[in-house]
Structures are given as structure tokens and as C-alpha cells.
Amino acid sequence: MWWERWRGGVRGGLVRDGLLWAVVATPIGFARLTPPYDRNTVPFGLGALLLLAVAVRLGHRRPLPALVLVVVGSLFDGNFVFAIPVFSYLAGRRSTGTAPAAVVFGVIAAGGTILNVGLLGTGAATWFLLASVLLFAGVFPWLVGRYRRQQGELVVAGDRHAEAVARERRGAAERIRLRERARIAQEMHDSLGHELSLIALRAAALELADDLPARHRTAAGELRASVSGATERLHEIIGVLREEGGGPASTLPAGESVAELVDRAREAGMAVRLDGDPLDLPARAEHVAHRVVREALTNAARYAPGAPVAVTLARLGGRVEVGVANAPPPAGPLPGPPSSGSGLLALRERVRLAGGTLTAGPGAAGGFTVLARLPLAPTPPLDPPPPQPVEGRSAEGRSVEGRSAEAARRVREARRRVRRSLVAALGAPVVLGLVLTLVYYPFATAGAVLDAVAFDRLPLGATRQELTGLPRRQAEPPAGARPGCEYYTDGNFPFGQATWRLCFSDGRLVGKERIDR
């Protein structure tokens, strides 16, 4: 039932969300449950856990706002930082576009910079640390999620493309089989209509015979009328199966045998021979064998001109084998597109309807061989063979290519997007890291660099005003900075950390040392 499926899907979604919430809430819960405690521990802890639950549920439909909620939560509890990579990855996995994510990360970066540097007065090192957290905990996981999403889209597009190609191939093979059945119906119409016309003619002669009793002539007239009506109905029923714009009926000699067909091909200039004694075959088997040999000789003359051809006929129990093998063309393969294979598909369908099997492919000596096995007695048709690939530039091939071009284009586009996402996932953190470094380093070192030579020349006991060559501003003090001391950097890249410590007492330099980092 749909209700059970919906309820099962909702239950599975709640379980997954619960597991995700438990994972991202563990750092916050652990920090709140361990001492020291104060009166705000429980309210803040419950609020943080509730905010995470809202972000988890919101992340399905609005992954970027869910990420923003987590980032806002990190302003009040630093343990939210552990959840930022998870929600960033999910945002890349679930979002469809890149522009909204770029806007969100840009707003977070600009807002965080204004808040920390402009309002809170944090130092350059703290700003750099926060920017690095945004880069490696936010941008990089988002790029990985984006890559995974597009990789999944590529797999889906590839499956759809393969399905479309297979469907078009099956459709092409089915159209060829239906066309061949229509041709068989047309041939049946022509031959059977001719026989019925002869019957009607003989019935008309009996109807006009003076030496027959009147009742016999009446019966002959009724027979003539019935045959004429059957001929008209046959024309209406089977005649509609003729292909639109189809060619005229076959002009081959009626009842032509395989031996006569080979003789006509030899008279036309083909190097063809018939191996085996002429066989007295049933009309149906003779007709199909004639069609097999005719199609094979046509292909040999078209694709292997000048090559010798061998036609074999052999009776094996209740079956007859018809084989046509040609050697490679003396001048090599002909230029131009390969054969579409539609003629062999039609021939295979005709042989199948006769209860036989047909195989065709390259021969051992490099030529081409067609072998049909036909039953002598009427046999039900075999099951249809699996669809064969229809390649080349025939009408069917062009149809397949045209209808599958859109699927192929989608696969190429998906592959390009995956490659771009992979390059972005690998290169963007490096580029952004260099940009941050190049922005932070001049900010941290501008006007705060004291070289080693100038440091060594600073005399102890000199007043602050007597000291020349000191930078115009100090570097950011390290943790545990001593009061009454000044800090300068030697310009170390990329962080520009404090290198020299100058300590003053009553306005005089009482100590100078290099800071061990």
C-alpha cells in the first residue's frame, strides 16, 4: 500500500536524521555534560541541541540555510565547528546550483570579517584562523559533496544513455522485422492472388461450358463469385501491409530455383559456384533458401566485388543447410561507411518465421559467411532472437543516432561537470589558501618587521626615544604576552608571527630576546 510505503520512508528518514543529529550533537553534549558547570549550562545546551535538530530537518529541503544556522550557532558555542563540515558536505550533495552557495560563503566570510575585526577587535592571527576554518571546514567539504552529486548524476545519465541506445536498437530491429513481415505479406498477396485468379478463371470456364448441367454451371458461378470476393478481401487485408512508397512487386522469374539463381549471377559476371547436387525441396523451404542465397550474393557483389563466392546446399535429415561464403575482396575493403546490417536482420526474421536459424559473420579466411538451417517440414517459428546492434549510417542507423544524440549529449555534459567539480575540489582550497595567506601576510607584517641586524644594535638601558629603527607598529603578541614588552616580527612567511620581544621599565630598554616559536 502507498500508505505503508510512505510510512516506511518517513520512518527511515527519521532514523537517518536521528543518527546524523546524534553524530553532530556529540561534541556539544559532551562539552555541556562535563564540568565546570554554571547556571547557563543546561539552557544553552538544550538550545544548541534544538538548533542542531532544526538544521538537520531543514537540511533536506534547504541545505544552505541549514548550514547558515550551524555557522550562526558557532558564534555562541565553538563546538558547532565540528558540525560545519557535515552540513557543508550535505549542502554540496543536495544543492543543484553553485551560485547560491558562492553567495552564502561570501556573505559568511564578509560578515565574519566585519564582526571579528571591526566589532570584536580580534587580531590578524585570529582572523586568519577563522578564515582557514571557513575554508577547510566549509568550502572544501562543499566541493567534495558537489563532486559526489555530479558523479551520481553522471552514473544516472550513463544508465539513461545506455537504456536509450538499447531501446533504439530494439526498436530498429523490430522495425526491420515488421518490414520483412510486410514484404512476406506482399509476396503472399501477389502469389496467392495470382493462384486465386487462375481458380476464378477456371470456374468461369466451367460456368460457360455447354456440356454441364445447369446446376453444375450455377455451382461453378457461385465458386467463381466466391473466389473473386476472396481475392478482393485478400487485396484489402494484405495489401494494406505494403510499405508506403514501396517498390513494385518482385520481377524475379516465378519458381526460380537456387541453381538458376546462381547461373544468372554467373552470367552477370560473378565468380560464383554451386557445391552439391540440386535438391528437390518443398516450396516453402525452396523459397526461403532462394531468398537467403539472393541476399548473400547481393551483399557479396556490393561489399566484396571480384571475390569468389561458394554456394552450398546440403540435406541433413529433416533439414537443409544453405551456405554462402565469399573470400575477401582482391582490392581490399571498400571505402565508405560500413553496412548497416538491416538486410541480414530482415533475412534472419524471414528464416525464423520459417522455423529455421541463420548465422552470419566473418569467415575463417577473412571473408564473410552466411549459413541458414531450414526445416523441410512446416515448423512453428522460433522465439525472436535478441536485438542485434544496428550501426553505420543507414536510415535505421541515422534514426538511432538522432534519437540517442540527446542522451549522449547529457552524458558528455555530466562528465564535463564532474571533471570541473573535481578540479575545483582539488584546486579551490589551494587557491583560496594562497589568497588568504597573501591577504593575511601583508596585513600582519606591514610596519611591524624588525630585522636581525637592527635588533642586535639595540643598546640595553637606552630610552625608548633613543631607539632608532624600530617599526612603527607592533606585531600581534603571542599567548602569554608579558606586560611592558613590545613585540615585532622578522617577516616570517606566511603567518608573520612575533619574533622579537623588547621589554621596558621606566621608559628604558631592560631586556631583549628572540621568542622561541
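**Helix 8, a sheet and a helix pair**

Biologist: Which strands does helix 8 lie across?

Modeller: Helix 8 (residues 258-267) lies across strand 1 and strand 2, and runs at about 160° to strand 1. Contact here means heavy atoms within 4.5 Å. Helices (H or I, at least four residues) and strands (E, at least two) are DSSP runs, numbered from the N terminus. This is a predicted model, where local features need pLDDT of at least 70, side-chain atom pairs need 80 or more, and totals for chains, interfaces and linings use all residues. Residues count from 1 along each chain as its sequence is written, and side-chain values use heavy atoms, without hydrogens or water.

Biologist: Okay, what's the strand order in the sheet?

Modeller: It's an open sheet of five strands, ordered 1-2-3-5-4, with mixed pairing (a pair needs at least two DSSP bridges). Strand 1 (272-275) and strand 4 (357-362) are the edge strands, each pairing on one side only. From one strand to the next, the twist averages 10°.

Biologist: And how many bridges join strands 2 and 3?

Modeller: Eight, with strand 2 (residues 309-316) antiparallel to strand 3 (residues 319-326). Val-311 faces Val-324 of strand 3 across that pairing.

Biologist: Switching topic: at what angle do helix 2 and helix 3 cross?

Modeller: Roughly 165°, and the axes of helix 2 (residues 41-58) and helix 3 (residues 63-74) come within 8 Å. Axes are lines fitted to C-alpha atoms, for helices over the stretch in contact, with angles from 0 to 180 degrees between N-to-C directions. The two helices are therefore roughly antiparallel (over 145 degrees; under 35 is roughly parallel, 65 to 115 roughly perpendicular, the rest oblique).

Biologist: Which residues meet there?

Modeller: From helix 2, Leu-51, Leu-52, Val-54, Ala-55 and Leu-58.
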